[in-house]
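Here is a short report on a protein chain.

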Amino acid sequence: MPKPHPERPSPSEQTPDTPPLAAGIRRHLGRSLRSHYAEALAAPVSQRLEALIAQLAKPKG
């Protein structure tokens with residue numbers, strides 16, 4: 001039988017508007033994801049990716 005997690009309500013305690021994770025965990029995940037994607041967005045775009053984006057911008061026909 002699985003042990004209940006101290007920061008996560010049991011399925012019987014959850015309501016449709018109950019978040020599945022505690023607020024502190026959601027904040028930590030949010031900060032981590034923003035940090036990760038900020039680094040990715042700051043990185044230069046490769047020439048191959050630029051070429052693919054240019055192909056998408058061309059009208060079909």
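## Fold

The protein chain has two helices and zero strands. Helices (H or I, at least four residues) and strands (E, at least two) are DSSP runs, numbered from the N terminus. Helix H1 covers residues 23-42 and holds Arg31. Helix H2 covers residues 47-57 and holds Leu52.

This is a predicted model: local features need pLDDT of at least 70, side-chain atom pairs count only at pLDDT 80 or more, and totals for chains, interfaces and linings use all residues. Residues are numbered from 1 along each chain as its sequence is written, and side-chain values use heavy atoms, without hydrogens and water.

Of the 61 residues in the protein chain, 3% are buried (under 20% relative accessible area; exposed is over 50%, partly exposed in between; 1.4 Å probe, protein chains only). Leu52 is partly exposed, at 33% relative accessible area.

The protein chain exposes about 5,900 Å². Carbon and sulfur atoms supply 61% of that area.

## Surface patches

Val45, Leu49, Leu52 and Ile53 make a nonpolar surface patch of about 310 Å². Arg26, Arg27, Arg31 and Arg34 form a positive surface patch. Patches take residues with over 30% relative accessible area and no salt bridge, joining like charges within 9 Å and nonpolar side chains (Val, Leu, Ile, Met, Phe, Trp, Tyr) within 5 Å.

Notes:
Accessible areas come from the Shrake-Rupley method with a 1.4 Å probe; for residues, only the protein chains shown count as cover. A salt bridge is a side-chain nitrogen of Lys or Arg within 4 Å of a carboxyl oxygen of Asp or Glu. Lys and Arg count as positive and Asp and Glu as negative; His and the chain ends are not counted. The place of a charge is taken as NZ of Lys, CZ of Arg, CG of Asp or CD of Glu.
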